[in-house]
Amino acid sequence: MLGFTKLEFSRRKAQTNLIIWTFIIGTILTLFIMIDSFYLHLLDTLQRHDHQNCAMSYAYPTFTEIENKPNSTFSDKYKLYLYREGYIDRSDQLYGVPALFIPGQAGSHKQIRSLASTTTHLYHDEKSKQNIDYFTVDLNEELSALSGQTLTDQAEYMNQAIERILSLYRHQSKKPTSVIIIGHSMGGLVARTMFMLPNYIPDSITNIITLATPHMMAPLLLDATIYEIYNKLTQFWKENKFDDLTLISIAGGSLDNIVHSDGVNIASFIPATHGFTTYTTSIPGVWTGADHMAILWCNQLIRILASTLLQVIDVTTVEDRMRIYKYNLLDGRDDSIVSNQITDINLKELDYKTLANTSNPVLFNAPRKSITLIPSTYQNLQLLTNINKDHDNCWSLVLCKNDENNCKYTSPRVTVLPSASAENLIDSVPFRLLNIDTMNSSYIGIIQHCQMQTNKFMHLYQDKSTIHNKSVWNIMLNGFYFRVDPENTTHVFPFIRNSLFAFDVNVISMTGQGLYKPMMKQMINDLEIKYYRRLEAGQSDRITFHQEIGIDHHGLSLQFFTDRQSMEIEIRLDWYGTLGRCVLRYGAILVNLLWVSSLIILLTQAYTYAVNGKREFVAYPVALVQCLKGPFLQSIALLIVAVTTINYLSSIHVFATKYMLFGSNDWLFGGLLILAFVLSIGLNAIIWLLISILTLIFSLPLRCMRFNRNSSPATTKHFLAHLSIVIGLLGFLPSAFVFILYFSVWFFMTCSARNAARSDLPLFQNIYKYRQSWLIFLVSFLPYYIPNLIVFIKNLLIGWNHKRPESTIIVLQDTPVLIALVFLVTVGRNPYVVESK
């Protein structure tokens, strides 16, 4: 039976030690590789991966605390400030449009300075008729991601803060009725929670912009109340519609090592008419990933965001606000519009040219006006150009039917692309892809009205898709080779859908020369777009992407922009990059599997001790090794059966892939679950080693103290007395504090037992092994209780000692643990209490 297999008393100490140390070293190496791939990058190769290319933003901030604090209990804990830009703004004057910044986990109210400063300078540079008053909240850098109660407290205070902010404008002729919300990280969750609370003022929030906010899943799910908050948010936002609300979610992508960007998507609860999700890599003019803090100061993003906010403050309808958001954050702003063109064209004044080879570009360096005709063989035709929008008056396009002299002006639709030739994208002139509906014309004419620099061009781009039905398994085993040339530019892999995998795209060879080096565009359902510029032979790029949890996708699309170059490309699975991506996805499940594996070892030890007449309590390393061929093997078999069942039973597939496998729907992820379970076994070995060292160190001072080893055993009265003490403590202390208190007592008792075990008497040896095994099991609870203890200590340090009643889910979760711990310290301190039942 799983978890209760009888162990044999192994006498092969050398073999046991070898296996234990193999697990310890292997686990340490694996975890180091995962952390290095995820964050450190000490073992980087020549492979290129996501690089942050953000310019710094600068500000001259002053923060004025708002007098007459918000009418909230939490005003003693939190503070409301008004931002003012150095020597430009007056602290006693309000502009008339309020915005409120909500910082995230351990965030500062000062983090708004980049956006507020840029907005103010745009206003004073006469780029806007109105300015925004940025209010910001000092939340004492609370750990809102670790405590659902803290998150709720913050949301309750924010509603009262909005009431106070709106009251500041009561003497103005045009009183605002709503506040713009900018939420960073967990601050975005606080903003959504505000709508659920009784003190929410209806229609007081109509604009929300969230930056790197984990809307769909918690970054670290160790607190039951956080899980409860997410469930309530999901249900509330699906059941309630907010007709006058727009919500924009912006993510930093793969460079965010705090919040996994798979969880930022809002499509499941916000209709496309009221909001969307985008990534910094996809926003025209930004085109770079941003880590969790850089998204607050990345200058390319901040300038666009500030300009966007200034445009929406005078807009009253949701439709108009969404149009502005899409224009600035998706389309590419002014670069997406062709303007100031010459539409009345006299064809007789032009020199006629015909482009014989459509692979060659059309250059704009001729001294005379000219028209270049290109045969139109497709309904939709695309031209790629590097001509700046300021020179749109120097060119135009015409459609010619049958006769070269029968031509009519046409205006193309524009897709803005990053420059393929610029050394750095910051403030560079973008490329533009001109989309033309040929309307069955015979020719398309490119007209040059004035001479430009020698490097200005247009060339025909043929977007032809090639479908490669290769599975991840095939790519993992053999890789896959494909060819890119002007006739084959887009390659789609419909079976590459899982965002946990990283892939390596390697340019094997390249032939041909062009005006610029090739560029690759990566797309997933047109949601997250990334660009890889300046491709060269022998160079490889790590590609990663994100997906909306619980939604199937059309697969990975790679689109190549080349100028007469042809390339041989290989795509293969990047194991090193994939292991790094497991950290955010599988970090929490590794903690849970640590608890499971340590419980299996403990129960197996106790069962063996009971059925063998309570003669010897098996040592922890021996139990771990012998569990490898018993309970652990059975557990792995159960995982395999579970993954297989999940993939074949549609009734549980959606739930399992969303909540158990974190959005994965590929059977290969079952292997990662097994890897996580094996790592949890190795972590048990590491914890055993650390506990052995720590108990040895702390037992040394205890040798100078005398203890009665033959003290009378504790009785039920002692247990009930301690239980009464615990109930009393829980009246004014959190359960985390009580757990750590009794955990420390048990640690002290284990150190004492180690000293007693020096006598080599079986009784004292059994007591030490028993207490050590329980101590290792209790360590697996620390990742849950320590964050709550930190929250409690931080509140004490700021003088906040108001304790709210624990939620029902917390009580149900903590009660068995605390009762078991009290039982251990009293009645269950020695192994003789173990029974086979």
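**Disulfides and cysteine burial**

Cys54 and Cys298 are both buried. In this predicted model, the two residues are joined by a disulfide with an S to S distance of 2.2 Å, and the torsion about their S-S bond is about -90°, so this disulfide is left-handed. Cys54 is placed in the loop between α1 (13-40) and β1 (61-65), while Cys298 belongs to the loop between β8 (275-279) and α6 (299-312), so the pair ties together parts that are 244 residues apart in sequence.

A disulfide is also formed by Cys394 and Cys450, whose sulfur atoms lie 1.8 Å apart. Here Cys394 is found in the loop between β12 (380-385) and β13 (395-400), and Cys450 in the loop between β17 (443-448) and β18 (457-461), so that parts 56 residues apart in sequence are tied together by the pair. Cys394 is buried, with a relative accessible area of 5%, whereas Cys450, with a relative accessible area of 26%, is partly exposed.

Cys400 and Cys407 are likewise joined by a disulfide, with an S to S distance of 1.9 Å; the torsion about their S-S bond is about 105°, so this disulfide is right-handed. Both Cys400 and Cys407 are buried.

The count of disulfides comes to 3, and, when the bonded cysteines are counted along the chain, the disulfides follow the pattern 1-2, 3-6, 4-5. As for other cysteines, Cys627 is buried, with a relative accessible area of 0%, and Cys751 counts as buried at a relative accessibility of 1%.

Notes. Residues numbered from 1 in each chain as written. Predicted model: local features only at pLDDT ≥ 70, side-chain atom pairs only at ≥ 80, totals over all residues. Heavy atoms only, no water. Disulfide = S-S within 2.5 Å. Helix = DSSP H or I, 4+ residues; strand = E, 2+ residues; numbered from the N terminus. Buried < 20%, exposed > 50% of the residue type's maximum accessible area, 1.4 Å probe, protein only.
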